[in-house]
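Welcome! Open your viewer, get ready to select a few pieces, and follow along stop by stop.

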Amino acid sequence: MQLFKSLAGLLTQWLMQQPEDDKRPLCDFERIRHELKPCDVVLVEGKSRVSNVIKQITQSPWSHAMLYVGRLHDIEDNRIRQTIKESYNGSPDDQLIIESELGFGTVVHPLSRYENDHLRICRPNGLNYSDSQQVIHYAASRLGLDYNVRHVLDLARFFFPYSIMPRRWRSSLFQHSPGDETKTVCSSMIAEAFGFIHFPILPLVKMNGEKGVQLFQRNPKLCTPSDFDYSPYFQIIKYPFLDYTHHSDYKLLPWHGHGALEGKEGDLYVTPDKMKELQQMGLSSGSGSENLDNRNTLN
C-alpha cells in the first residue's frame, strides 16, 4: 500500500508539471478580479500535463473550473464563513475560490493563484442572493474531499464507442463503489452545487404532452469545464489583455514591432514579416487579388 501511495504521488507531481517559459497574458486579470461576483464559475485554460489530457478528452480549451466565493468578510452566513476560514490561513481580504484539484482535493485557494492564466467568467443568469449562498454552502461542505483521479479515466473511456471496447475497459461512471462519496472532481463538484438549487447547466429538455416542458438535470459526473461555457444559462464575461472595445480600434493593436519568437513559439505563431509573406502568397494565388489591389488604390 505504501509503495502504491508513493507511485501515485510521483505520478501526480508529473501530471501537475507546467512549462516554465509558457507566459501568455491572454486576459486582463485585474479587470477580471474586479468584475467577479460570488457564485461566478471561473474557467481556466491550464498548462500542466493533466490539463492537456482533460482538454483532449473534452475537446475544449478549458481544463479546470472553480467557484468564486468572494472575501471572508463578504460571506454573511457564519457557518459558511467559519468552514472556509478553517480551510484557509491567508488574509481575510483575499479573494477566494473553492476548487477540486489533482494533488489537493477540494480546497480553498486565493484567486491570485491564477493571475498568469487564461481565465473566463461564467455567471449564472438570474441567480438570486439566497440561492447563491446555498451554492457556496454546498461547495464549502465538500472541502477536504479527495480528488477522484479514476473519474478522469472513466470519462475518457466514456468517449469511446462501447462496441469496440472489452467490457472490463468500459467506463464505470455509473457504477457505485465504496468510497465514491468521498471523492470528486472540479466540474462535478460545481455541477452538484448548482443542482442542489435546481439551477440548469445543460439539462435535457423534453416535451411532456399535456404537461408541457420538463427538464432533467444532467448527471453531474458527466459535467466538464466547457459545459459552463456552452450553457445558455450562464453569461460569458471576457476581459482580453488588449481590449480594443474599451481603448481604441482593433486596427491600432500593436501587431508591428521587432520582437522575436523563441523556442516553440515559432511553431505556433508568425512574425509580422512572415505574415506579410503569407498574405502576398495568398493574394498572388487568389482570383480576387486584382479587385483587392484596386480597392486599396481607391482607398
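A residue is called buried when its relative accessible area is under 20%. Keep that cut-off in mind, and remember that this is a predicted model.

**Stop 1: strand β1.** Select residues 41-45, which form β1. Five of the five residues here are buried, so the strand is largely enclosed by the rest of the structure. Now show the side chains: V41, L43 and E45 point one way, while V42 and V44 point the other way.

Stop 2: Which residue of β2 is the bridge partner of V44? Look for H64.

**Stop 3: the largest nonpolar core.** In soluble globular proteins, nonpolar side chains tend to be buried together. The largest such core here has 33 residues, and V41, L67, I84, I98, F194 and F228 have the most contacts inside it. To see where core residues come from, colour β1, β2, α4 (78-86), β3 (96-101), α5 (129-141) and α7 (186-195), each of which supplies at least two.

**Stop 4: L67.** Centre the view on L67 and leave aside its neighbours within four places in sequence. Its contacts then include V41, I98, V135, I190 and F194.

**Stop 5: a second core.** Finally, select F29, V42, M66 and Y239. They are among the 15 residues of a second, separate core.

Methods:
Residues numbered from 1 in each chain as written. Predicted model: local features only at pLDDT ≥ 70, side-chain atom pairs only at ≥ 80, totals over all residues. Heavy atoms only, no water. Buried < 20%, exposed > 50% of the residue type's maximum accessible area, 1.4 Å probe, protein only. Helix = DSSP H or I, 4+ residues; strand = E, 2+ residues; numbered from the N terminus. Pairing = 2+ DSSP bridges. Core = buried A, V, L, I, M, F, W, Y, C linked by side-chain atoms within 4.5 Å. Contact = heavy atoms within 4.5 Å.
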